[in-house]
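Please read them with the sequence and the structure open beside you.

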Amino acid sequence: MQPFTVLTAVAAPLEIASVDTGMILPGRYMRRHRRPGHDYGEAFLYDLRFDEAGRPRAEFVLNDPIYRNAKILVTGRDFGCGSSREGAAFAAMDFGLRALVAPSFGEIFQVNCIQNGILAITMPATLIEDFWRQLRERPGAEMTIDLPNQALIAPDRGRHSFDISPLRKDRLVRGIDDIDVTLEFGDAIESFEARRRAAMPWLPTAQRE
Amino acid sequence: MTTARTLFEKIWADHVIVVSPQGEALLYVDFNLINEGQSFLAFDQLRIEGRQSRRPQQQLAVTDHYLPTINRARGTAGMANPEIRRVVEMMDENARDFRLPHVGWFHRDQGIAHVIAPELGISQPGMLITCNDSHTATNGACGALAVPIGGGNQLRHVVATQTVWLKKPKTMRIAIDGELPKAVTAKDIILSIIGDIGVGGATGYAVEYAGSAIRALSMEGRLTICNMSIEAGARIGMVGPDDTTYQFLADRRYAPKGADWDQALAYWRTLPTDAEAAFDRELSFDAARLAPMVSWGTSPEDSAPIDGAVPDPSRIDDADRRRHVERALDYMQLRPVTPLADVAIDRVFIGSCTNSRIEDLRAAALVLKGRRAVVPGMVSPGSSAVKRQAEAEGLDRIFIDAGLEWRDSGCSMCNGSNGELVAPGERCASTTNRNYEGRQGRGALTHIMSPAMVAAAAVFGRLADVRLLS
C-alpha cells in the first residue's frame with residue numbers, strides 16, 4: 001500500500017450531501033472484475049458524470065479538465081453512506097483520489113478507504129463551505145494535507161488541524177494495510193497454529209478435487 | 001480452579017492469538033467457507049497484491065447464490081444472464097488460481113454452504129468458522145463459533161492469513177424450556193424470539209440457545225434456529241454440543257475417526273457452558289406457549305401466530321414502530337386487523353439455508369402427501385445429498401404429485417441472486433429467513449414460516465394453520 005505522508009494536489013469541490021455508495025459505485029459494476037488497466041475508475045460517480053447515452057455531463061464539476069489530476073475531493077456530509085459495498089472505496093482510489101474531506105462519512109466506507117490508502121478526514125461543515133468558496137473562486141487550486149502533523153492547508157494558506165485515530169494514522173503513514181499489521185504477528189500465528197494442530201489432529205482439512 | 005465460563009468464552013479464548021491495544025482480538029480461523037457473492041473483490045485485490053491463500057486446505061469455496069436450480073445440463077453455457085454467469089465463472093477461476101477446494105456446479109456435494117458444511121462434518125464443536133455470508137451462525141448449531149465476515153477486505157484477510165480481527169461481543173443466553181405444542185417447529189421458536197426482542201434485540205451479542213426445548217430439537221432444528229440469529233441482530237448463535245450433536249457428526253466424511261474421535265469427544269465434552277457461568281443478558285421463553293408463526297410485514301420481527309391478525313397501526317403508541325407498520329402494510333398490500341388466515345397467496349417456496357434439510361422436506365411432504373397445491377411453487381433441497389436422500393424416500397414424488405416443481409439445490413428464491421425471483425406484487429409463502437422489501441424480487445410480497453406451514457399455505461392457497469391438516 002502506498003504510504004500517505006504529505007500530499008499537495010488539486011482539490012475538487014463536490015458540493016453534494018449524502019452521496020451514497022450506490023452513486024459512488026453503481027450496482028451494475030458490482031459484478032465486474034477489478035484488474036490493473038480495467039479498474040473501477042470509470043465507474044466512480046458514473047451516473048453523475050455521464051448521461052443516459054454515456055455522454056459526459058458538461059456541467060458536472062469532475063468533468064472539467066482542470067480537475068483531471070485532482071487527488072483531493074472536498075464534499076458534503078455523509079459521503080459513502082448506504083450499502084457496505086467495498087468496491088466503492090476501490091472506485092474512489094482507481095479514479096485517482098488519495099484524500100476525501102467532508103463533514104462526515106459513511107462509517108464502513110471510511111474504514112474501507114483507509115484500508116486502501118485513502119485518507120478520509122472530517123472537518124466542520126462551515127469550513128467545508130469555505131473551502132468550496134475558495135475552490136470555486138480559484139478552480140484548480142491546490143490544497144495540502146500533512147498527515148504526520150494532522151493539518152490541512154487551504155488554497156488561502158489557512159491551516160486547519162484535523163483528528164484521526166492513532167491506529168489509522170499509523171497505518172496510512174507507514175503504508176500498511178490490515179494484512180501487513182497481522183503479518184507483524186506472523187511468528188505468533190505460526191506457533192499458535194502448530195500447537196493447535198498437534199493438540200487437535202482431527203480438525204478438518206479439505207482437498208482440491 | 002478456573003472461573004466458570006460459557007461455551008462462547010471457552011471457544012473464543014481457545015482461538016485468541018493476540019489482543020491489540022484497541023481491544024480487538026486476532027483469532028485463528030479453523031475453517032473458512034467462501035461463496036461467490038462479492039468474494040471476487042477479495043481475490044482481485046489479492047491478485048493485485050501478489051498474495052496467495054495461506055491454508056487452502058482450511059477453506060472451501062461453495063458456489064451457491066448464483067447457480068440456477070433448473071436446466072443445469074449445459075453448465076454455464078446454459079445460463080442466459082451474462083452477469084450471473086460471470087459471477088459463477090469467477091468463483092471457478094478464483095478457486096483454481098488460489099488452489100481452494102471447491103464445491104461447484106457438478107460436484108457430488110453441491111449445495112448451500114451452510115447446509116453442506118454440517119452435512120459433511122466440517123462444522124464441529126469448538127471450531128472457529130468464518131464465511132462471507134450473514135447466515136454463517138447456522139454452523140453454530142454444531143457447537144462451533146461461526147462468524148460472518150465481509151466479502152471484500154475481511155475475506156481477503158482470512159484467505160491470506162487464516163486469522164480474523166474481531167471485537168469480543170457480549171454474551172446472551174436465550175433459554176426455551178418446556179414442551180413444544182404439536183406442529184410447532186424450530187422456525188416458530190426463532191420467529192417468536194425475533195418477534196419478541198426485535199431485529200436489533202441481540203445486536204452486539206453472541207447468543208447461546210439453551211433450555212429443554214432446544215435440547216429436544218434435532219440438529220436440523222438447531223441449525224434453523226442458529227441460522228436466523230442475524231435476524232435478531234446477533235452475528236453469532238450457538239448451541240452447546242451434546243449427544244444429539246455427537247450422533248449427528250459420527251461417521252460424517254470430515255468428522256474425526258477412530259482414536260481421533262475419542263480424543264475429540266473428550267474435548268467436546270468440556271465445551272458446554274459451566275453451570276455457574278454468567279451471561280451479560282438472559283432471556284427465557286416458555287415453549288408450551290408458542291404457536292405456528294407467519295410473518296405479515298417487511299421485517300422478520302413482524303411475525304405473529306397464524307391465528308392472529310394483521311396489526312392496526314393506529315393502536316401502536318410508539319411513533320417509529322407505527323410508521324414502520326404503516327409502511328409495511330402499504331408495501332404488503334394488507335389491511336389492518338385482517339385475520340392472517342384470510343391472506344391469499346400466489347406461490348410457495350421451500351428451500352434456503354434456513355429450511356431445506358431432509359427433516360424440513362419430510363415435514364412439508366407429510367402435509368402435502370395425497371393433497372394438491374392450488375398455487376404454483378418450487379422445492380429446492382439444501383444440498384445434492386439432501387436431494388438424493390429425499391428421492392430415496394420418495395419425497396420428490398409427493399411434491400411433484402402435489403403440483404410443485406422439484407428443483408436442484410441452491411440459494412435460489414431466498415434472495416434471487418440467481419435470477420429466480422418472485423414477480424412484483426406476487427405474494428409468496430416461503431421457508432426463507434428474510435422478508436424485507438424486495439428481498440425475493442422487486443415488489444415481491446414475502447411471508448416467512450416453517451416448511452409445514454408453507455405446505456399448508458400451498459394446499460389452501462392462503463396463509464393457513466397446519467394444525468387443520470394433521
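1. Which residues in α4(A) and α6(A) meet? On the α4(A) side they are A:Q110, A:V111, A:I114 and A:Q115, and on the α6(A) side A:R168, A:R171 and A:L172, where contact means heavy atoms within 4.5 Å. Helix α4 covers residues 107-115 of chain A and helix α6 residues 166-174 of chain A, and their axes come within 10 Å and cross at roughly 35°. By class, this contact has three nonpolar, two polar and two charged residues; here Ala, Val, Leu, Ile, Met, Phe, Trp, Tyr, Cys and Pro count as nonpolar, Asp, Glu, Lys and Arg as charged, and the others, Gly among them, as polar.

2. On the basis of these notes: this is a predicted model, in which local features need pLDDT of at least 70 and side-chain atom pairs count only at pLDDT 80 or more, while totals for chains, interfaces and linings use all residues. Residues are numbered from 1 along each chain as its sequence is written, chains are lettered from A and ligands numbered from 1 in the order in which they are written, and side-chain values use heavy atoms, with hydrogens and water left out. Helices (H or I, at least four residues) and strands (E, at least two) are DSSP runs, numbered from the N terminus, and axes are lines fitted to C-alpha atoms, for helices over the stretch in contact, with angles running from 0 to 180 degrees between N-to-C directions.

3. Chain A as a whole has eight helices and seven strands, and its C-alpha trace spans about 70 × 45 × 25 Å along the principal axes. Of its 209 residues, 52% count as buried, that is, under 20% relative accessible area, with exposed meaning over 50% and partly exposed in between (1.4 Å probe, protein chains only).

4. Helix α3(A) deserves a separate look. Seven of its nine residues are buried, so α3(A) is largely enclosed by the rest of the structure; the buried ones are A:G87, A:A88, A:A89, A:F90, A:A91, A:A92 and A:D94. These buried residues pack against α1 and α4 of chain A together with α2 of chain B. After α3(A) comes A:G96, with a positive phi near 115°.

5. The structure holds 14 aromatic pairs over all chains, a pair being rings of Phe, Tyr and Trp (its six-membered ring) with centres within 6.5 Å, and planes under 30 degrees apart counting as stacked, over 60 as edge-to-face and the rest as tilted. In one of them, the rings of A:F44 and A:F95 have centres 4.8 Å apart and planes at 35°, so the pair is tilted. A:F44 lies in the loop between α1 (21-24) and α2 (46-49) of chain A, and A:F95 in helix α3 (residues 87-95), 51 residues apart. A:F44 counts as buried at 0% relative accessibility, whereas A:F95, at 22%, counts as partly exposed.

6. In chain B, helix α2 (residues 39-49) and helix α5 (residues 153-161) pack at an angle of about 55°, with their axes 8 Å apart. The contact is made by B:S39, B:A42, B:F43, B:Q45, B:L46 and B:E49 of α2(B) and B:L155, B:R156, B:V159 and B:A160 of α5(B). Six of these residues are nonpolar, two polar and two charged.
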